[in-house]
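Subject: Structure handover

Hello,

Please find the structure below. My notes on it follow.

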Amino acid sequence: MRHLDKEIEELKELLLRMGSMVEDQINQSIKALLERDTAIAQRVIDGDTAIDQMELDIDQHTIELIAMMQPAAVDLRFVAAAMKITPELERIADLAVDVCERAIELNREPPLKPLIDIPRLARMAQDMVRQALDAFVRRDAVLAREVISRDDEADLLTEQSFRELLTYMLEDSRNISRAIRLTFIGKYFERMADGATNICEMVVYLAEGKVIKHSNEPV
Amino acid sequence: MTTAIEVRDFNFYYGETKVLHGIALDIPEKQVTALIGPSGCGKSTFLRSINRMNDIIPGARVEGLVSIKGKDAYAPGIDVVALRRRVGMVFQKSNPFSKSIYENVAYGLRIGGEKDRRMLDETVERSLRRAALWDEVKDRLNASALALSGGQQQRLCVARALAVDPEVLLMDEPASALDPIATQKIEELVYELKNNYTIVIVTHNMQQAARVSDRTAFFMLGKLVEYDETRSIFMTPKEKLTEDYITGRFG
Amino acid sequence: MKRRLIDKFMITLLGLSVAIILAILVVIVANIAIHGARAVTWEFITQAPRQGLTAGGIMPAIVGTAALVLLMTIVAVPLGVATAVYLHEYTPAEGLNLAWRRFRVSKGMAGRRKLFFRAMSALLATITRSAVANLAGVPSIVFGLFGLGFFIQFIGRNIDRATQPPGEVLWGQGSLLWAACTLALLTLPTVIVATEEALRTVPQDLREASLALGATQWETIRRVVLPSSLSGILTGAILGISRGAGEVAPILFTGAAYYLPYLPGDVTDQFMHLGYHVLILSTQSPDVEATKPLLYGTVFVLLALTFLLNLTGVIIRSRTRSRIQR
């Protein structure tokens, strides 16, 4: 194996580790929300520093790799993809923290309503993030494109949830603060799905060399 | 990190002309140290001073200390021949003897008086393996070395140098006469070799220095401008001269 | 148009020159071959001359020539190769002018002594080389006189004075030894120059590679330089030997005899010689008609021997070259 191959493997390992940490954060945040568990939520919030540190580490690694090894072609695309995926993952982790912060606030009041759409949206976002990371590991552009196509569904689900919460807010002004917090939570999961989509655009670039971000062509 | 080669206040003269000024650095053991710099900056001269190959040039004169594993290379009365066994050298243009592949690698051992056939066989095989050449030549050890390709010849020269088990391996632009594939093979070889040998490599190819070395020394006009970990030199150099050279703004 | 005419004219002219030379060569060789082949019988080669050199064979001359050439080779080749090796490997490459200038500008610097000795060595090399060059231009008869005056009368007589009973002359007379030494002197320049040429073809970086592996200078010469230049050295040696085998003037006073009833037994004996025999047959013969076929025969054998020598040289050279190539 070439020296460069070893460096790239190392970088991939780091990214996967970060990815699994982020998946874990999402999982825990959903749990904290559904089980109304403040302790879990707090752990998620505290665990974010580790993920921030990983982002810094991976940044350092990628710059060094470029400076020292002058990767070319697919290797270069891999490093470029890694550099762009890392902040996406970090943002997704931050969103999980945001979910937990709202969850802690919600736990101070009795539950507004049984949560149906939001958990569906949450699982979808979690799924998409996991699949995005799978696609990255396997450099699977087909899977990546599938994930991207589910983003519309996520948007719809968010819209649906919002409309329902809106009715609660209009019904009784004492519902507003909880409904708004839930709206935010829905938004956070929707943005996690967006993050997964961005990651998948990078995967297509990595696998095919094609840039599909910002383009309107059907995926 | 132990020091393999210690250099202090080292000056080098060709007759009246001072070619190296006050060079000081510590070359660590079992790592690759690259010497880079524009043409004529003295990096090859410095390299050849380590194993005293400059002695054969008339009018060559040195001042200062070059100490290899604690022994001063220029101490009066030192056995230059023994020094050169401890410090191996691979040259810019591969220079195998017009003998068989086997005899080329065995040359250093035969000079040392080794006659035991089994010992020679073992050492030749081990050296060729270490130089990543064994598989390509194991069936034709008695063929002439000159029949090999340029890249193979250069790896043969590496095997030849390794056969006498040197402590330090000096490489003077070992890949500059080779095509890109052969160059890559040499670079991979250097990367492997550093597990067992201290390597000092002169290269005019900066990217090669970045790929291959742990520490880099930047020479200019006979002076050592900057010497640091390779990643520092190539990412965050301290001297402006270094940065200008690395970014290609001059030279 | 005119240019093409000139071109054609030159080609014709050059071709004509070649034709003339070839023609002359063919005439000479044919003449000798035809007349000589008739005379060269088995008895011719194996028997001694009889009846005042007007009949019989030339066997002693063949033996004498062979012995002489062998001895000359033993003296000339090692000496010549050694000289050339010294000149090329051990003396400074930069020449006397540069070496001296380097020394002069090094006033007050360390290593001045080393530069001085280097300049002296360059001086010795220059002297040696010009001596060799001058030696090459000396007429062969002068070599003969030198051989007589120095080897025989000076060295030989002194050896006799030291080792023989008074009045006895053993070394102080013409013999295979002194003739061989004289001839060796004549062939030395050829051997030295050809060897130096051969050494020059060995690239400097092979020497550097050997030194960098911890070899001494002599080891480098013995194991790398000489084997690499072997074919060139052999060529030079054979060239020199061919030349020496044909020379007559140097052996006139140093050991050739026009008739001996015995073959040379050791190096102090005189000897008969093919080239000398030709001279004798053509100038001293009592019966010109009878000796003419013998003369042709001798010339034929002499030429055949020379040709054989050159052929051996070519074969050896191509063999060593292909061995190195393999």
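A residue is called buried here if 20 or more other C-beta atoms lie within 10 Å of its own, exposed if 12 or fewer do, and partly exposed in between, with C-beta atoms placed from the backbone. Helices (H or I, at least four residues) and strands (E, at least two) are DSSP runs, numbered from the N terminus.

This is a predicted model, in which local features need pLDDT of at least 70 and side-chain atom pairs count only at pLDDT 80 or more, while totals for chains, interfaces and linings use all residues. Residues are numbered from 1 along each chain as its sequence is written, and chains are lettered from A and ligands numbered from 1 in the order in which they are written.

Chain C, helix α11. In helix α11 (residues 274–283) of chain C, 7 of the 10 residues are buried, so the helix is largely enclosed by the rest of the structure. Those buried residues are C:L274, C:G275, C:Y276, C:H277, C:V278, C:I280 and C:L281.

Chain C, helices α4 and α5. The axes of α4(C) (residues 95–104) and α5(C) (residues 112–137) come within 8 Å and cross at roughly 160°. Axes are lines fitted to C-alpha atoms, for helices over the stretch in contact, and angles run from 0 to 180 degrees between N-to-C directions. α4(C) is therefore roughly antiparallel to α5(C), a term used for angles over 145 degrees. On the α4(C) side the contact is made by C:G95, C:L96, C:A99, C:W100, C:R102 and C:F103. Two residues are in contact if their C-beta atoms, placed from the backbone, lie within 7 Å. The residues of this contact divide into 9 nonpolar, 2 polar and 2 charged. Ala, Val, Leu, Ile, Met, Phe, Trp, Tyr, Cys and Pro count as nonpolar, Asp, Glu, Lys and Arg as charged, and the others, Gly among them, as polar.

Chain B. Its secondary structure comes to 10 helices and 10 strands. The C-alpha atoms of chain B fill a box of roughly 55 × 45 × 35 Å along the principal axes. Of the 251 residues in chain B, 49% are buried.

Between chains. There are 2 pairs of chains that touch, and chains B and C have the most contacts. Chain A and chain C are joined by no contact, and their closest C-alpha atoms lie 30 Å apart.

Regards

Terms used. Parallel < 35°, antiparallel > 145°, perpendicular 65-115°, else oblique.
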